[in-house]
Amino acid sequence: MIEVSTPGKLYIAGEYAVVEPGHLAVIAAVDQFINVTIESATENGSIQSQQYSDLPIRWTRRNGELVLDHRENPFHYILAAIRLTERYAKEQGTLLSFYHLKVTSELDNSSGRKYGLGSSGAVTVGTVKALNLFYDLQMDPLMQFKIAALAHLAVQGNGSCGDIAASCFGGWLAFSTFDHEWVKKRQEKWSISDLLQSDWPKLSIQPLQTPKNMRLLIGWTGSPASTSDLVDQVKQSKEDKSVTQKDYEHFLTDSNRCVEDLIDGFMANNVVKIKKMIKKNRQLLQNLAKATNVVIETPALKQLCDLAEDCGGAAKSSGAGGGDCGIVIADQKTGILPLMSKWEKADIIPLPLHVYHYRGGAK
Ligand SMILES: Nc1ncnc2c1ncn2[C@@H]1O[C@H](COP(=O)(O)OP(=O)(O)OP(=O)(O)O)[C@@H](O)[C@H]1O
Ligand SMILES: C[C@@](O)(CCOP(=O)(O)O)CC(=O)O
């Protein structure tokens, strides 16, 4: 049996600007996982996710293509990942077979409410990684990233794929997304093997070291948010011209400069600089929210951040905002108990997560 675990993620800085090719974000993989197992089967395969009532959905093949028995299915990301990985496998001369694929998740709470830790990205990466082993495709982590990114985009339709990078590579990353138009055009003409082997313009995924005396704290607001809706809303306000092209471009430049400075702070082990850039990025996102009328920092996120700042940390919303989580960067010497009790009184739930590194590097 093949078994893989892929981590969830949290955005640290650079959100929204990172959906534009070449603009940086810092992202961290966290130690909550999607687990995917694959076991060989004969005649029929199945897909099962504990999160979806343990109900297996039966599938078969027509002309070699996977066909689902049911019309409605909750497994969009898994199916997109299977289709693309199997297309690559077929191009490599691999004989496709049947299997039972099972998913369990730690990225939702016990009542099925998501934390915003990138479950869709982790399930997509988990499926690609498990099939890579099952069919012995020997794809390296970058190829796995590319195939998972294509699958994720095919379903979500927008986004930077930073969550896919975090789940694929683990650790702290400096990430900028690829030229999506370039990839889309090549995807229409090229084989998937050629596309995976080519360099994707503007894509950059670099591991980051963090200062030893830096602490990352995470608070959960308890309310889920839809990343793809929020990204669409920002795009819409650009198209409606409620945010001018000039203001948007300023935001992109300022965000990129801020994240570059943040990365310099990481490289120089300078927690003071890192905190300054987190605060700056919060401000930039607040300005973007004002210009676009998109609610990024909800009242709960504002309270989470303000309380953290009162206690000596630098805080901001993580990811698209609108709910989900906020992050705090603090010095190791800053006591965290006062913040924990303030958060508790404000119904902010601290998540005891750590940054996750793949043992021996991403495989
Ligand atoms: N355990 C799972 N099994 C199968 N599919 C899953 C599982 N967890 C998540 N998914 C897929 O991911 C979708 C949730 O993606 P969504 O973008 O809403 O959340 P997220 O990625 O966790 O959040 P965020 O983007 O804020 O980090 C589900 O609708 C489902 O299609
Ligand atoms: C807003 C955005 O920059 C970050 C989304 O983060 P999250 O999935 O909401 O944690 C979108 C993206 O990068 O895909």
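Trainee: Leaving aside neighbours within four places in sequence, which residues is Asp 331 in contact with?

Mentor: Asp 331 is in contact with Asn 213, Arg 215 and Val 271, once neighbours within four places in sequence are left aside. Please keep in mind that this is a predicted model.

Trainee: How far apart are Asp 331 and Pro 211 in sequence and in space?

Mentor: Between Asp 331 and Pro 211 there are 120 residues in sequence, whereas their C-alpha atoms are 9.6 Å apart in space.

Trainee: Over how many bridges does strand 9 pair with strand 11, and over how many with strand 12?

Mentor: Strand 9 and strand 11 are paired in the antiparallel sense over seven bridges; in that pairing, Arg 215 stands opposite Ala 330 in strand 11. Strand 9 (residues 214–220) pairs with strand 12 over two bridges, also in the antiparallel sense. In strand 12, Pro 350 is the bridge partner of Gly 219, and Ile 349 is the residue opposite Trp 220.

Trainee: Which domains does the domain assignment of the protein chain give?

Mentor: The assignment gives domain 1 (2–207) and domain 2 (213–350). Their C-alpha centres lie 26 Å apart. The contact between them takes 23 residues from domain 1 and 29 residues from domain 2. On the side of domain 1 that touches domain 2, strand 1 (2–13) and strand 2 (24–41) are the elements that give two or more residues. Strand 1 gives the most to that side, with four residues. By class, this side of domain 1 divides into twelve nonpolar, seven polar and four charged residues.

Trainee: Which residues have the most contacts inside the largest nonpolar core?

Mentor: In soluble globular proteins, nonpolar side chains tend to be buried together. In this model, the largest nonpolar core has 116 residues, and Val 26, Ile 27, Ala 148 and Ala 165 have the most contacts inside it. Strand 2 gives the most to this core, with eleven residues. Both domain 1 and domain 2 give residues to this core, so the core lies between them. As an example, residues that Ile 27 touches, beyond those up to four places away in sequence, include Lys 9, Tyr 11, Ala 165 and Phe 175.

Trainee: Why is helix 4 largely enclosed by the rest of the structure?

Mentor: Eight of the eight residues of helix 4 (residues 162–169) are buried, so the helix is largely enclosed by the rest of the structure. Among these buried residues are Gly 162, Asp 163 and Phe 169. Their cover includes strand 1, strand 2, helix 2, helix 3 (141–156), strand 7 (172–176) and strand 8 (204–208). Just after helix 4, Gly 170 has a positive phi of about 70 degrees.

Trainee: How many residues surround ligand 1, and how many are around ligand 2?

Mentor: Ligand 1 is surrounded by 22 residues, of which the closest are Ser 49, Ser 105, Gly 116, Ser 119 and Ser 120. Helix 2 gives the most to this shell, with four residues. The shell around ligand 1 has nine nonpolar, eleven polar and two charged residues. Because domain 1 and domain 2 both give residues to the shell around ligand 1, it lies between them.

For ligand 2, there are 15 residues around it, and Gly 159, Ser 160, Thr 227, Gly 319 and Ala 320 come nearest. Helix 4 and helix 7 (227–239) each supply at least two residues of the shell around ligand 2. That shell draws at least three residues from each of domain 1 and domain 2. By class, the shell around ligand 2 has six nonpolar, seven polar and two charged residues.

Note on methods: Residues numbered from 1 in each chain as written. Chains lettered and ligands numbered in written order. Predicted model: local features only at pLDDT ≥ 70, side-chain atom pairs only at ≥ 80, totals over all residues. Domains from an automatic or database assignment. Contact = placed C-beta atoms within 7 Å. Nonpolar A, V, L, I, M, F, W, Y, C, P; charged D, E, K, R; others polar. Core = buried A, V, L, I, M, F, W, Y, C linked by C-beta atoms within 7 Å. Buried ≥ 20, exposed ≤ 12 C-beta atoms within 10 Å, placed from the backbone. Near = placed C-beta within 6 Å. Pairing = 2+ DSSP bridges.
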